[in-house]
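Let's take a walk through a protein model together. Have the sequence and the 3D view ready, and follow along.

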Amino acid sequence: MKLIRDDQNEIRTLGYLLDGDERIAETLELPWRNNKRGISCIPEGTYQCHLAHSPSRGYPVYWLQNVPGRQDVQIHVGNFTKDIRGCILVGEERGVNQVVHSKRAFGKFMERMGGKDFTLTIEKKEVV
């Protein structure tokens with residue numbers, strides 16, 4: 001699984017999830033602010049993702065493991081940057097500074113993953 005970041009401004013980072021060559025969801029993260037907890041997206045890299053219950057969310061989410069300098073990084077439901085403290089939100093479509101239909105996209109994502117652990121590679125799209 002890959003997360004490709006392709007649009008960033010001072011408010012947010014937009015991207016998309018690929019499963020092989022198939023684009024399965026849009027993503028919303030905070031902008032890059034030197035990996036500062038609660039205000040920055042996480043560093044590009046490869047992370048193991050493990051399904052577990054989120055006490056703060058009240059439902060199962062995927063947790064990214066071994067993020068440098070960070071804990072509690074999740075893939076979860078949300079539409080706006082106010083819903084994030086360093087995690088990754090999924091949606092079906094993008095707005096200007098948001099993703100939309102997040103609950104539906106998250107449901108499809110969870111069904112696709114089937115509770116199995118997976119590897120997520122996060123990278124920035126190179127502009128040619």
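We'll start with the strands and then head inside.

A quick note before that: this is a predicted model, where local features need pLDDT of at least 70, side-chain atom pairs count only at pLDDT 80 or more, and totals for chains, interfaces and linings use all residues. Residues are numbered from 1 along each chain as its sequence is written, and side-chain values use heavy atoms, with hydrogens and water left out.

β4 and β5 are antiparallel partners, linked by six bridges; strands count as paired if DSSP finds at least two bridges between them. S54 sits opposite Y59 in β5. The hairpin these strands form has four residues between them, and there G58 has a positive phi near 85°. β4 also runs antiparallel to β10, with five bridges joining them, and G45 has I122 in β10 as its bridge partner.

Now for the inside. A nonpolar core is a set of buried Ala, Val, Leu, Ile, Met, Phe, Trp, Tyr and Cys residues joined through side-chain atoms within 4.5 Å, and buried means under 20% relative accessible area (1.4 Å probe, protein chains only). The largest one here has 25 residues, and L64, I75, F109, F118 and L120 have the most contacts inside it. β4, β5, β7, α1 and β10 each supply at least two of its residues, with α1 giving the most, five.

Methods:
Buried < 20%, exposed > 50% of the residue type's maximum accessible area, 1.4 Å probe, protein only.
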